[in-house]
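Please look over the model shown below.

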Amino acid sequence: MQPSDNDTSIRQASLEEVDTGPVDGLILEERLGYALRRAQLKVFKHFDDAMREHNIRPAQFSSLVVIEGYPGVTQSSLAQTLAIDPPRVVNLVNSLEERGLAMRVRCKRDRRSHGIFLTKQGEALVDRLKELSRQSDLAATQALSEIERRQLLMLLRKIYAPADNAD
């Protein structure tokens, strides 16, 4: 079987390094998933830089904020609220406990379940982290006006909000 001209050009291209630039003109620039992912990478880079001194990852920050807002939240509720797998929440809460930021307390009504609470250290840290995350968001979205930023948040919430079953 004789290689086609197309096969030859593919082999030649694979031997040379292809320099990729912006995606201008490619279908990617029209895909929401691509745009969301690129925006997420930028926002997370700013977040990681802001949280580096406290060694806090996005899931840890989200957990601390939810626990602060809902003292006594159960692991299963935390998993549901954050849309993450329950086994990951166990590891997440374990790491927060090991760092002295949160603690599990056995529920009086259902002795099988535990509520999660912030420790004093966790309460103090979450206040600082919330301010750092606010500054990080502003830095990551500095190309947007305040109105555009609020519009973007509103539109993103519409995407992940539960579908209205009133149809």
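**Helix packing, burial and backbone angles**

Q: In which helix is the place of S95?
A: This is a predicted model, in which local features need pLDDT of at least 70, side-chain atom pairs count only at pLDDT 80 or more, and totals for chains, interfaces and linings use all residues. Residues are numbered from 1 along each chain as its sequence is written, and side-chain values use heavy atoms, with hydrogens and water left out. Helices are DSSP runs of H or I with at least four residues, numbered from the N terminus. On that basis S95 has its place in helix α5.

Q: Is S95 buried or exposed?
A: Buried means under 20% relative accessible area, exposed over 50%, and partly exposed in between, using a 1.4 Å probe and protein chains only. S95 has a relative accessible area of 19%, so S95 is buried.

Q: Which backbone oxygen does the side chain of S95 reach?
A: A polar contact is a pair of N or O atoms within 3.5 Å; within protein, one must be able to donate a hydrogen and the other to accept it, and residues adjacent in sequence count only if both atoms are side-chain atoms. At 2.8 Å, the side chain of S95 reaches the backbone oxygen of L92.

Q: Are α4 and α5 roughly parallel or roughly perpendicular to each other?
A: Helix α4 (residues 75-82) and helix α5 (residues 86-98) pack at an angle of about 110°, their axes being 9 Å apart. Axes are lines fitted to C-alpha atoms, for helices over the stretch in contact, and angles run from 0 to 180 degrees between N-to-C directions. Angles under 35 degrees count as roughly parallel, over 145 as roughly antiparallel, 65 to 115 as roughly perpendicular and the rest as oblique. Therefore α4 and α5 are roughly perpendicular.

Q: What is the relative accessible area of A83?
A: A83 sits in the loop between α4 and α5. Its phi is near 55°, a positive value in a residue other than glycine. A83 counts as exposed because its relative accessibility is 71%.

Q: Where does N55 lie?
A: N55 has a phi near 55°, which is positive in a residue other than glycine. With a relative accessible area of 54%, N55 is exposed. N55 lies in the loop between α2 (32-51) and α3 (58-69).

Technical notes. Helices (H or I, at least four residues) and strands (E, at least two) are DSSP runs, numbered from the N terminus.
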